[in-house]
Amino acid sequence: MNLLYLTIIVPLFSFLVLVSLGRHIRSINVIIIGITTMLIIALITVFSCIDFSSNTVPDMTLVYTRPLWNWFSVGDFSVPISLTLDGLSLTFLALISFFGFWVYFFAACDLTSKKDIYTFYAYSNLLIASILTIILVNNLFVMLMGWEGLSISAYLLIGIYYKQPRNGYAAVRAFVIMHLTDIFLIIGIFLLYQTLETLNIRDVLTQAHDNLAVDSDIIFWITLMLFLGAMGKSALFPMHSWFAETTLAPMPAMALLQSSTVILAGVYLVLRLSDLFMMSSDVLAIIAMISSLTILFASTIALVQYDIKRIVTYINLTQISYLFYAFSTKSWSLSLNCLINYVVTSTLLILASSILIKKCQGERDISKLGGLIKTFPMLYAIFLLIMLSLSAMPWVSSSFYIKGDIILGLMTQDKLILGTIGLFGILLSSLGIWRLISMVFYRKQKQYDFTKTKWLSYLPIFILLIFTTALFIYFPLPTQGIIPIAELDTNGQLPFQLLLAAVTGLSFLIAYILYAHPNSEVQEILNTPMVKFLLRLCNSDWHYDYLLHTLFVKPYVYLAHFLKKDPLAFWDNWIMRGIKKVNAFTVDLENGQIRWYMVSMVIGSIFILMLLIFI
């Protein structure tokens, strides 16, 4: 664990080398540098895991701290830079290194353009260095540096094809939205320091537990600001726009952004400060409400999209919400298992979609594809296995148990509406992936020219598919004593599992009726005014962009045009004119006639005397 600092230094150094010299290095050498970087991080992670397990004492919490240097001091305020490794940060380090390595490996097989190769590996190394900074530092102020690094990395990866105006606009939009929520995080950190006079994470949790009251106003505002900051990185509604813009990045970059880096930042912040969030029931209720809105928003939009990338993106956005559902039920350890399941499933879905798009010569519109089951049977089988995970296949997939326990936790806490929305989200997610499979692999074949892909591209997919099964329901995570462990009420678990199995079966039945064998009666229902209105609403992303434009963009543009004429200068001109008039009148009084001066003095004296007498 003494080499822990290399997990940040190595990718940062690799980023600098590739940015400076990447254009002049052969593509194969750039790939070797990129994969070697992740391999070094993975090896350090393995050694850290071995060292951590060998030094762990039963019923004790092992925390390894490596001080590096004191960044700066202002009076009593000091910001030391030191790395901390405990069970939680080790879990995230293992996730990032494992999935990052396989995404880097997949990128070597998927990317062909020399410019795409060196820009992807360069910007991704900065992304990895930023997320590892967040995971390993023990000071909230230093964590902000990694937090901002994530925003810059996302901007660079989304804008790889910046010469296309749409991509440049998307990168800027993602950057702005991320920074809008970063303001809330900074406010939350300021409130913490003002209240507790420390930004060391362990000291913050200890002093908050000792000195702050549960559900007090200050706890509410601190946790609310911190959650709003985390919400931006985790792409919850209404801060999801940057997540949709990742579709313009290359597929390996999209896998990193959506699955194993940026999303993890917000989740890690909430988990790391879970003791703080447990002190505010109101904020946990807000988390549940926003998670519900995200499930309804993302799952309904995924049902009407035709772009494969956008379908995958909104399905992934739906799955993220179950993480925060687990937070709202205080099932912190369960949320970690849900996170692992999400990272596995979302990465699989993106990599499989990447192979599909590449084989179809870049075609992403599912309405222009069809009949590929005979041409690509192995790819079809992969999508079916991913669908089983997303659909929470009863007693087969790990998501059946994980999502089932989360929704059951909501219902046992008398949150029946939230639990129902959770079941509805599973139903719609299943329909979304079934729709993609039906339109791509069934129906009439419309494309006959295909591109060959490297067989090595399937290797990460085959490895990750193992982790979607029920064999990996609950990983033995070393988080005892770090995050609170809530007791799950298992009463009524079997009847609920039967209900969840019925929901999954219902999704298969609806998918069969709607997509596999649609009939005239189904078409009549789809052509009713109400259904058409709902389809238009979902096609327009719930008019979210229109509302955003109306509420924020238009007033800003109007204000900019108004200030363009400089209204202050307008009033300034009137003041100057008034001064000139007074000056001209005063100058006319200086005529050199002594009688006029004496009369003016007498009249002025009489006027002043009258004021003194009568007022």
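Biologist: Is C360 buried or exposed, and what is its relative accessible area?

Modeller: Please keep in mind that this is a predicted model. A residue counts as buried when its relative accessible area is under 20%. C360 falls on the buried side of that limit, because its relative accessible area is 1%.

Biologist: Which cysteine has the sulfur closest to that of C360, and how far away is it?

Modeller: A disulfide requires two cysteine sulfur atoms within 2.5 Å. The closest cysteine sulfur to that of C360 is too far away for a bond, and the structure holds zero disulfides. The cysteine asked for, with its distance, is C109, at 19 Å.

Biologist: How many of the nine residues of strand β2 are buried?

Modeller: Strand β2, which covers residues 77-85, runs antiparallel to strand β1, residues 64-74, and nine bridges join the two. One of the pairings sets Y64 against L85 in β2, and in the hairpin between the strands G75 takes a positive phi near 65°. Strand β2 is largely enclosed by the rest of the structure, because the number of its residues that are buried is seven.

Biologist: Which residues does S241 contact, leaving aside its neighbours within four places in sequence?

Modeller: S241 lies in helix α9, residues 241-245, and it counts as buried at 5% relative accessibility. With contact taken as heavy atoms within 4.5 Å, and those sequence neighbours left aside, the residues in contact with S241 are R173, I177 and Y544.

Key
Residues are numbered from 1 along each chain as its sequence is written. This is a predicted model: local features need pLDDT of at least 70, side-chain atom pairs count only at pLDDT 80 or more; totals for chains, interfaces and linings use all residues. Side-chain values use heavy atoms; hydrogens and water are left out. Buried means under 20% relative accessible area, exposed over 50%, partly exposed in between (1.4 Å probe, protein chains only). Helices (H or I, at least four residues) and strands (E, at least two) are DSSP runs, numbered from the N terminus. Two strands pair if DSSP finds at least two bridges between them.
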